[in-house]
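Please open the structure in a viewer and keep the sequence panel beside it.

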Amino acid sequence: MWIEWATREVLDGIRRGVGKGLSVPALPEVAERVLRRAEDLRRPHLRPLINATGVIIHTNLGRAPLSQEVMAYVAAVATQYSTLEYDLEGGQRGSRHDHVSRLVEAAIGAEAAMVVNNNAAAVLLALSAMARGREVVVSRGELVEIGGAFRIPEVMALSGAILREVGSTNKTHRRDYEGAIGDQTALLLKVHQSNFRIIGFTESVSTEELVQLGRAKGVPVMEDLGSGVMFPFRLGEIEEPSVAMLVATGTDLVTFSGDKLLGGPQAGIIAGRKEWVDAMKKHPLARAVRVDKMTLAALEMVTRAYLEGNPRSLPLWQMIEETEASLEQRAQAMKNKLAVSLPDSVAISVHRDFSEVGGGSMPGAQIPTVTLGLRADAGSSVAWERALRQAAMPVVCRLHQDQLIFDLRTIFASQESQLIDTIVEGYWSMAAANG
Ligand SMILES: *Cc1c(COP(=O)(O)O)cnc(C)c1O
């Protein structure tokens, strides 16, 4: 099957080439291309890899990794029938929302919660249910683009809500919001500046102040947190309050991602006033953005880990909290092993550097880390880096001034021997190709 597929693709390619004036390659060359392409097709396309970039919540590399324990539970639920929408007590139909909602409510002190496909869907559903055809007041400093095509003004338009911008890029005052509130106002919206920071002459209105204003005017307040974190978390100068702290300010609704600092599967969590959450559960869009059983199973286990006071069972927090001493030890051990299999012309060094949280979480925050640097002959590092990406277990590292850099923080200890083999094999195949 893969040979036929590959043959068709390669021949189509050659025909297109001929159309552009290229000549037809010799038969052995065609056969070689077909076999290479068939080999590619035979391999799974979505594959695990080794993230040596030091970006912990790397959106392109799958964000938060899940633990074996969580995945064993997902497998148990998904390979058998489950209580997905079944109430064992009454022997009747149940709700898929019940599994995780109660736990999330308990973990963050919210009246009600629900889970949808991702945080983008959470924001869309919330705006559609709360503000369709009416105005939503947002600071101009928070009309953000998160990535892909997710921009607050566009999501707002899609939801049918009318954007009412206030303030300026760097400064928005309480009086700006106040002046914009009228009978058309459905919502005051605050959006976390997830992936950038404005520094200098700035001012914004805190959630507390916005809630006060909303209360006084009878308008609900919603905050899109982006990356919700379950306990107050500080990295250097940058501090994220916990979701529970924001809920405690009295904000009517918060939304956040499941796979950012929560460390769970892709999901969007909506939490706050019961009347609003109930309206969203009944909204037609809820069906379109609903989560599947595997996500719910994973998210339930991750939420339980927090409730049981055991966030360190989650790979995300193990990575964030690994000490420099431990990273240093691992880097030195790898250096010693690599020195045995690489020629003396390769300089192997251990450095102090910084990892990033990533995923649009805590921009600018730096986590001190330890990296391993490899420098071969000038110019060969580009080919070496490419060989690592194309290996059976691909490795994504950083390339800086002719040096390959591997941040130990995002490399699992269980991947180290595979990483060493891949680096060594990659070196020799690169050296062979370079003659
Ligand atoms: C990341 C982010 C989103 C999108 O969340 P997804 O779970 O990736 O859909 C929305 N808003 C903010 C502020 C974010 O940081």
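Select Gln68 and Glu69: these exposed residues lie on the face of helix α3 that is turned away from its buried side. Here exposed means over 50% relative accessible area, buried means under 20%, and partly exposed lies in between, with a 1.4 Å probe and protein chains only. Helices are DSSP runs of H or I with at least four residues, strands are runs of E with at least two, and both are numbered from the N terminus.

The model is predicted: local features need pLDDT of at least 70, side-chain atom pairs count only at pLDDT 80 or more, and totals for chains, interfaces and linings use all residues. Residues are numbered from 1 along each chain as its sequence is written, and side-chain values use heavy atoms, with hydrogens and water left out.

Next, select the whole of α3, residues 68-78, and colour Val70, Val74 and Val77, which are buried. They sit on the same side of α3 because they cover an arc of only 65° around the axis, the arc being that of the directions from the helix axis to the C-beta atoms.

Select its seven strands, which form an open sheet of mixed pairing in the order β4-β14-β13-β10-β9-β5-β8. Two strands pair if DSSP finds at least two bridges between them. At the edges are β4 (112-116) and β8 (162-166), each pairing on one side only. Neighbouring strands of this sheet are turned by 20° against each other on average, direction ignored.

Within the sheet, select β9 (residues 185-191) and β10 (residues 221-226); these strands run parallel and are joined by four bridges. Val191 can be found opposite Asp224 in β10.

Two helices come next. Select α4 (residues 98-108), which lies across β4, β13 (253-257) and β14 (268-272) and runs at about 125° to β4. Then select α10 (residues 274-282), which packs on the sheet, touches β4, β13 and β14, and makes about 30° with the direction of β4. Such angles run from 0 to 180 degrees between N-to-C directions, and axes are lines fitted to C-alpha atoms, for helices over the stretch in contact.

Finally, display the entire protein chain, which contains 16 helices and 19 strands. Of its 435 residues, 48% count as buried.

Note on methods
Contact means heavy atoms within 4.5 Å.
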